[in-house]
Each structure stands twice: as structure tokens, then as C-alpha cells.
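Please examine the fold as a whole before turning to one selected residue.

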Amino acid sequence: MVGLSGLGVVGWRANSQGVFAVGQGPAYAAWDAWDLGSGPQLLVRAAILAANPHNTQPWRFAVSSSAIEVYIDLARNTGAVDPFRREQHIGLGCALENLLIAAQAKGFEPRLTILPTPSDPTLIAHVDLGSGLASSEALYGAIPRRHTSRAPFDTSRAVSQDTLAALDSAVADIAGAQVVWISSDAPKRQVGQLIVEGAQAFAADTQQSSDSFRWSRDNWSDIQRFKDGMTLDCSGVSPLVIALGKILPPESRRQNDESWIQLTRDQYVKTAAAFGVVVAGNATDDVQRIQGGRLYQRLHLLAVTKGLGMQPLNQITERIDREKVLGLPARFEAGISDLLPSNVQPLMTFRIGYPTVEPPPSPRRPAEEVLVK
């Protein structure tokens, strides 16, 4: 039996590791402050709640009374996971779409220029803020409700073709990117197998695995300090497993990889109602990557309004880029290309379905910490 002193230690550990404080503290304040204040800086509060790779939040914003500029933060990268900064630019596109939606909702008429200064590749976008009419933008209200869903989806509920068509139609105006839906059984199995094999190859690649693990935040004080990274709360495992994971010593990189592969195979892939592949004519073009991020973010916001959840599953494209770096045969590029139109290339892959659990928020740096001084 565990003595009173042992129970006291467990209780102290549970309290110090945030077992009873999910989504609380300075690391999560940005989700509550998203609509506070006025003027252009308010738009940044919405932008920073966007989807982004490994929750690295690779963005900086310069704000004036009539414009906002979006910069890439090159230091906030995932190394061998994203060697060509594909995912960074997609994440910046996600933030940009939140910003544009917020601008329209707050009475601005945003005019977007992507990569406006060729001599400065860190300047991703310039958004002029003219006067316009405030719109009651439904997507704006979905911004603080959009979280990545990693828990099981409801396997008894299919996402109808009409719903997928409506999502597709809602992003048709975003030039340079589109979504390919994979919802029939045989192609779904093929994509799912590629995703699982991608996770296995990723874990076997020491450099990719190490660069990813660097963004794991197991310590509650680190979460509150850094306000970024991947947390156990957002992993999609059960509350009991989360609580035990916080109380017990943190997993090693190898244990983390084994858990991730198991979740990918038995939960993420197996319960997906459908997969989506964001594609572009040229997946190496940064403008098209940014547009792909805008598309994904808008899809996810609209999905939220329909009671749906989404989760990026980028193992395929991460291995595509890694194979290019190492000069390996293009196994994953060939595998996914079989399922896509011949004139497009994959930017990212995600799953969609009806959540069985409300997804929790991820840590976020507040707007004040990402402004260019």
C-alpha cells in the first residue's frame, strides 16, 4: 500500500505538473485575449492562434496604423523535419488567413501581397488595411475554437460528399492551392498505410526524430515559460494516460516515438473518416505553400462550424523532403502521387472526422511577444 507520505508526493507531483490545470496559466492566456483591444494589433491576436508545425509558431509581425507585415522567424524551425521550410511557410499561411478573416470581421478591407520584397525572403506578406464594412464573419468566431483533434474520431459517422464539396467550394478562391479528398475505402487504406510507414521511417531516422523531440514539452514549468511546442495534453490519449504521463518520469525519445507510431496506426489513421491532401502545382514554391496554409486554415475553421475536427498528418511530405536531402529513392513521393491528379504535388496531408472528445488548446506566445520592435 502507498503510505500517506507517498500519496503526498504523488499529489505534489500532479499539482506541479499541471494535472489539474489543463489549458490554464500564462501559456494559454492568448486564447482568452484573442478579441481584446482594438486596431491592427487585435488582428495579430487572432493570427497567432493559427495551426502551425510542431507548435513552433514561426512568425513575427510588424504593425502600423494602416498595415501589418508578416515575417518568418527562421530560428523557430524543426531542422531535418522541415529541411526546405515547407511546413514553416504553410504555418505562416495559416496565420495569414486568420489575420485576413479578423481584418474583415473588424471593418478593414485587407489587401494582401505575398513575398512583396524579393531581396528580403524573411518578409512573407504585406497586408494593407483599408477601410471597409465589418462583416459578421462566422469563421472569425471559430478562431478560438479551432484546435487540432488527435483523439479518436467517431467511426460511426461518415463525412458526407456534400459536406466535403461544401468545404472544397469555400476555398476555391485561394489561387495556387487546392484540396484533394480521399474518402473511399481502398484509397483511404493506401494513404493510411503511407502515413504509418512514414511515421516508422521518421522514428528510425535519428536526426528527424531528435529534431522533432526537441519541441516536446513535458515539464509544466517549461510549457508556461516557452509557451510553445507539443504537449501531452494535446496528444489525443485518454485523461488517465495524460495524468500518469505527467506524474511519472518523462518518456525517452525512443518511447515517445513508439507511442506516436502506435497512436498513428491505431487511432489517427484507423478512425479517420476521410483524408485531405492540400496540393499545389509546385510544392517547392513558397507562394503556393503560403496559399496552401491559408487554404488549410480556412478549411479547419469551417470544419469547426460544422462540428468536425481535423489533424495534420505530415509524415508523407516530411519523408518526401528527407528522401531528397539524403538522396534516397522517392518512395513516399511515388506512393502519394498514385492517388493525386498528375498536374499537382502534395503540400500536406490531414485527416477529418467527427470528434469524440473536445480538443484542448495548445500553448501560445501572446501577441506582445511576437511583435517586431
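The paragraphs below go from the overall architecture to a single side chain.

This is a predicted model, in which local features need pLDDT of at least 70, side-chain atom pairs count only at pLDDT 80 or more, and totals for chains, interfaces and linings use all residues. Residues are numbered from 1 along each chain as its sequence is written, and side-chain values use heavy atoms, with hydrogens and water left out.

The protein contains 14 helices and ten strands, where helices (H or I, at least four residues) and strands (E, at least two) are DSSP runs numbered from the N terminus. Its radius of gyration is 20 Å, close to the 21 Å that the globule rule gives for 373 residues, so the protein is as compact as a globular protein of that length. That radius is taken over C-alpha atoms, and the rule is 2.2 Å times the number of residues to the power 0.38. Along the principal axes, the C-alpha atoms fill a box of roughly 70 × 50 × 40 Å.

Of the 373 residues, 54% are buried, meaning under 20% relative accessible area (1.4 Å probe, protein chains only). Among contacts (heavy atoms within 4.5 Å) with a separation of 6 or more, 78% join residues 24 or more positions apart.

Gln 297 lies in helix α12, which spans residues 286-305. Is this residue buried or exposed? Gln 297 counts as buried because its relative accessibility is 0%. Leaving aside residues up to four places away in sequence, Gln 297 touches Ala 50, Ala 51, Cys 94, Glu 97, Asn 98 and Arg 146.

Note on methods:
Buried < 20%, exposed > 50% of the residue type's maximum accessible area, 1.4 Å probe, protein only.
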